[in-house]
Amino acid sequence: MSRSSVTDFDRRNRDWYIDRLVQAVVFIGGISAIVFIIGIFVFITREGFSFIATEFDVSGFFLSQNWRPTSESNPTYGILALVAGTASVTGLAMLVAIPFSLGAAIFIAEFATGRVREVLKILVELLAAIPSVVWGFIGLSIMNPLIIEWFNVPVGLNVLNAGIILGLMAAPIMTSIAEDALKAVPDRYREAAEAMGATRWQVIAKVVLPAAKNGLLGAVLLGVGRGFGETMAVLMATGHSVNIPTSIFDSVRALTATIAAELGETAVGSPHYQALFTIGIFLFAITFVINLTADLIVRGIRNK
Amino acid sequence: MMFAASGQNDKDRRIQQLYFVLFGIMTLLLVLPVLIILTTLVVKGGPALSIDFLFTKPTNGMTAGGIFPALLGTIWLVLVALLFSVPLGVAAAIYLSEYAPENVFTRIINLAIINLAGVPSIVHALFGVGAFVIFFRFGTSILAASLTLGIMTLPVVIVATRESLQAVPQAFREACWNMGATRWQTIRRVVLPNAVTGILTGIILEVSRTAGETAPIMFTGAAFFLPFLPQGVLDQTMALSLHLFVVSTQVPDMPEHLPFGVALVLIGIVLIMNSVSIALRMYLRGKKKW
């Protein structure tokens with residue numbers, strides 16, 4: 001073959017360059033997610049940094065329950081009560097959401113068939129679509145009077161109210177991820193068990209659930225992350241009072257809600273403003289760890 | 001009879017039926033709230049709805065009148081957010097589906113996408129304040145709020161687009177490559193035309209998500225009340241989601257039907273968008289030839 005015929009096959013014509021250009025452009029899209037995650041960390045740290053450098057001490061921040069940022073004489077920034085608020089509401093929400101979501105996921109994936117299954121999946125999807133401010137409004141205007149009436153308590157905006165609301169918000173996500181995990185178990189596992197004479201429940205309990213264990217755990221973790229970071233609904237349904245709860249009828253205040261309620265009233269650069277960004281860094285770090293763990297658990301089985 | 005049902009079989013079957021009923025009831029209890037909530041909102045908010053309600057300004061300290069500025073503001077916010085996030089999200093999905101090798105770097109991108117979706121909305125708000133309002137000096141504006149919303153909902157577009165791109169059979173691509181087409185020619189002529197409806201369902205889903213978000217826009221561009229309509233992307237605006245928060249918590253002497261009306265309009269927009277997206281997806285599945 002002569003040398004010139006080799007260059008005839010050189011693919012670097014106009015189309016080749018366009019292809020390269022497109023590849024570069026879509027690559028920028030691809031790395032944008034990484035850029036934004038780093039950007040989020042950099043910019044919230046930038047605003048909160050001088051608080052961490054000067055006023056911040058670990059015990060005063062995490063172990064004090066005195067959140068009094070607007071005190072004239074001696075402002076204090078202890079988030080223990082806020083952490084307790086978030087934890088109590090998220091905890092109750094998970095108590096409601098985990099069994100119901102896993103039950104619903106098993107029903108939709110393993111028992112329901114045909115049209116029933118389609119309708120249930122659509123309803124779960126629509127449940128997930130309801131905006132958080134609407135959930136907050138439901139807590140405020142529908143749940144609040146119901147709780148006052150049923151339990152004979154003075155205030156219906158409390159851990160119970162926000163916990164139920166948050167449970168309903170986290171449940172559809174947990175249900176659909178858990179359902180995916182169950183669907184990912186190969187049918188031949190089920191067929192093998194059924195061929196041995198197992199009932200459908202025995203197949204689920206002895207074969208499908210153990211095989212889908214990690215995916216289900218991932219679903220639960222993502223649900224926790226979702227509940228933990230929820231803002232508008234907990235702002236509106238918890239009663240928003242700084243308090244370490246002793247019963248589910250106590251009003252509390254969540255970390256996220258504190259930022260949402262107070263950021264608008266603070267001067268840019270003030271210690272209060274920076275303290276709110278420091279809470280933001282804390283929230284970012286926790287959800288990052290939760291998402292990372294969930295991903296590692298879910299991928300762990302896939303690689304096996 | 002050789003295979004007569006033993007007592008053990010009967011017991012097994014009863015257990016199975018028990019679990020069927022138990023999980024069925026759990027599922028119902030989970031989906032029932034959607035129906036109860038919708039019914040309540042329609043019953044209590046329905047009387048507030050009228051053409052006037054949609055197309056007039058709030059009056060009397062927001063305790064009367066309509067929601068027009070909030071409705072228009074939400075449309076502004078959603079459109080600007082889409083202008084930013086759809087091209088970026090589709091590009092990201094094309095990269096991940098068509099170009100990205102299976103390596104650690106691609107896995108980090110996927111992890112970043114999951115995290116972007118998992119970061120609390122209020123943290124996105126803080127980011128929007130720190131980056132767009134202060135650092136890039138956009139001030140509290142539609143631009144700053146929409147960029148914040150766009151970044152927050154980017155994963156919705158990426159995930160939906162990537163799924164519909166990956167649903168195009170690999171054989172289609174191979175056939176095209178064998179004809180001497182470049183990767184991009186293949187994507188443009190074969191992959192994208194076959195995936196466009198799926199991408200559309202993702203975009204509609206993003207509209208629904210964007211319209212409902214409240215926390216990310218509170219401090220970046222949405223205002224409690226404005227006497228005038230926004231004229232450009234550097235103006236502040238009212239928004240439907242924030243308006244619901246304001247009329248249900250911040251205004252004294254609010255007539256009960258008004259917040260219910262606002263909630264009904266907001267949830268109506270969101271659920272209609274989602275239903276369209278679901279319907280489109282089902283139509284697509286029915287039409288699929290491969």
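**Close-up views of chains A and B**

**View 1. Where helix α6 of chain A meets helix α11 of chain B.** In this predicted model, A:Val134, A:Phe137 and A:Ser141 in α6(A) meet B:Pro259, B:Ala263, B:Leu266 and B:Ile267 in α11(B), where two residues are in contact if their C-beta atoms, placed from the backbone, lie within 7 Å. The residues of this contact divide into six nonpolar, one polar and no charged (Ala, Val, Leu, Ile, Met, Phe, Trp, Tyr, Cys and Pro count as nonpolar, Asp, Glu, Lys and Arg as charged, and the others, Gly among them, as polar). Residues are numbered from 1 along each chain as its sequence is written, and chains are lettered from A in the order in which they are written. Local features need pLDDT of at least 70, side-chain atom pairs count only at pLDDT 80 or more, and totals for chains, interfaces and linings use all residues.

**View 2. The contact between chains A and B.** Chain A brings 76 residues to the contact and chain B brings 72 residues. On the side of chain A that touches chain B, helix α2 (residues 14-53) gives the most, with 24 residues (helices are DSSP runs of H or I with at least four residues, strands are runs of E with at least two, and both are numbered from the N terminus). The residues of that side of chain A divide into 50 nonpolar, 19 polar and seven charged.

**View 3. The make-up of chain B.** The secondary structure of chain B comes to eleven helices and two strands, which follow the pattern α-α-β-β-α-α-α-α-α-α-α-α-α along the sequence. The C-alpha atoms of chain B fill a box of roughly 80 × 65 × 35 Å, taken along the principal axes.
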